[in-house]
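Here is my note on this structure. Keep the sequence and the 3D view open while you read.

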Amino acid sequence: MRWKLSCWIVLCLLCGSLLLAADGKPAFTNPADAGSDFALQGEYAGMLGDQKWGVQVVALGEGKFDVVGYRGGLPGEGWRRGDDTKPGKGETRDGAVEVTGDTWTAKIKDGTMTITHGENKVGELKKIERKSPTLGASPPAAAIVLFDGTSADAFEKGQLVEGNLLGATGCVSKHQFGDHSLHIEFRTPFMPESRGQARGNSGVYVQGRYEVQVLDSFGLEGADNECGGIYKQSKPIVNMCFPPLSWQTYDIDFTAAKYDDAGKKTTNARITVKHNGVIIHDNLELTAGTPGYRPEGPDKLGLFLQNHGNPVVFRNIWAVDK
């Protein structure tokens, strides 16, 4: 984002499972303590007649939900940007979520979303939990392992949280990068009462200059300031953000900008990003750096993980120099 916090402003309550983030709203880091709304939110998928559909249910706090239906399947599994969507609003009543759309209604209970049109039942979708195909990927022999859960010593200002995770504390890797490939796993908190940039915000600054956004933008459009976006440069091809408290992956291939002997940039940097295994930027030309850490320049720089006052965490970080 355009601004950053100088410290991670969180207050520990309930043995560390509930935090208060920078906006003063609750941020849950443990599903067991996240409440009934957390259990109802998430992704649902299946067939309605002969048509594949996916639905994302976004918790908004106090038993209210935004609901988005995707004709063709969930993003990354059939639905593509520009395809048909069906929005709805949901509210908890008697332990279930009752959803109202423009010409349809639904009821979510016990992991099943039952959809009706008028008086007619259209079909049922089942709750699913997707996982990235690169989750837990092992570093190759040539990799520089930046974080494996045992120590934060590879980062300046690195801080272990929850015992074996790396906090989003504005830390920067001691190893500095030019051209490289990067694997990193992240988890956003469950912040149902927060909105927009206050909801699970951090950032992966490749070479300390180009930010791949981290945000809980589950169920949103997928803008350039949302998860997977390159701030003010490019929105992701598809919004592949999983629900909060899911472990997610970025697999990044980066080619650094080139400079002449006078320090003038001659070639822009380029980046390819896979979010949860799906390409969201394909050899994208980066015409400028991202505000928030270091400006563009010819020198190698470290990987910077932005502090934005939210308890975002990282794990299994490794890179391969080219």
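1. **A term to start with.** A salt bridge is a side-chain nitrogen of Lys or Arg within 4 Å of a carboxyl oxygen of Asp or Glu. Hold on to that cut-off for D84 and R71, whose side chains meet with N to O at 3.0 Å. That distance is within 4 Å, so the pair counts as a salt bridge. D84 sits in the loop between β6 (64-71) and β7 (85-93), while R71 lies in strand β6. The two residues are 13 apart, and the pair links distant parts of the chain. D84 is partly exposed, at 30% relative accessible area. R71 is partly exposed too, at 35%.

2. The mean pLDDT of the protein chain is 93, and 94% of its residues reach 70 or more. Residues 1-16 need care: pLDDT stays under 50 there. The model still gives this stretch 50 contacts beyond four places in sequence. Where pLDDT is low, the predicted coordinates should not be read in detail.

3. **Overall build.** What does the secondary structure of the protein chain come to? The count is 1 helix and 26 strands. The C-alpha atoms fill a box of roughly 70 × 45 × 35 Å along the principal axes. For 322 residues, a compact globule would have a radius of gyration near 20 Å, and the chain agrees, with 20 Å. Of the 322 residues, 51% count as buried. Take contacts between residues at least 6 apart in sequence: 59% of them join residues at least 24 apart.

4. **Strand β5 and its neighbours.** Look at strand β5 (residues 51-61). Why is β5 described as largely enclosed by the rest of the structure? Because 9 of its 11 residues are buried. Strand β4 (residues 42-48) runs antiparallel to β5 and is joined to it by 7 bridges. Here L48 stands opposite Q51. The β4-β5 hairpin has 2 residues between its strands, and G49 takes a positive phi near 65°. On to β6: 8 bridges join it to β5, again antiparallel. Q56 has V68 in β6 as its bridge partner. β5 and β6 also form a hairpin with 2 residues between them, and E62 in the turn has a positive phi of about 55°.

5. **Another hairpin.** Strands β23 (residues 269-275) and β24 (residues 278-286) run antiparallel, joined by 6 bridges. H275 is the bridge partner of V278 in β24. There are 2 residues between the strands, and N276 takes a positive phi near 55°.

6. **An open sheet.** Trace the order β13-β16-β25-β18-β19: these 5 strands form an open sheet with antiparallel pairing. Which strands are the edges? They are β13 (155-156) and β19 (210-214), each pairing on one side only. Within the sheet, 4 bridges join β16 (residues 171-177) to β25 (residues 301-305). F177 stands opposite L301 in β25. Strands of a sheet pair through backbone hydrogen bonds, either parallel or antiparallel.

7. How many salt bridges does the structure hold? There are 16. One of them joins R315 and E185, at 2.9 Å from N to O. R315 lies in strand β26 (residues 313-321) and E185 in strand β17 (residues 180-187), 130 residues apart. Within it, E98 pairs with R93, the closest N and O atoms being 3.2 Å apart. E98 is partly exposed at 35% relative accessibility, and R93 is partly exposed at 40%.

8. **Cysteines.** How many disulfides does a search of the whole structure find? It finds 0. C227 is in no disulfide, and the nearest cysteine sulfur, that of C241, is 4.1 Å away. A disulfide needs the two sulfur atoms within 2.5 Å. C227 is buried, with a relative accessible area of 1%. C171 is buried as well, at 0% relative accessibility.

Terms used
Residues numbered from 1 in each chain as written. Predicted model: local features only at pLDDT ≥ 70, side-chain atom pairs only at ≥ 80, totals over all residues. Heavy atoms only, no water. Buried < 20%, exposed > 50% of the residue type's maximum accessible area, 1.4 Å probe, protein only. pLDDT = per-residue confidence, 0-100. Contact = heavy atoms within 4.5 Å. Pairing = 2+ DSSP bridges. Rg over C-alpha atoms; globule rule 2.2 N^0.38 Å.
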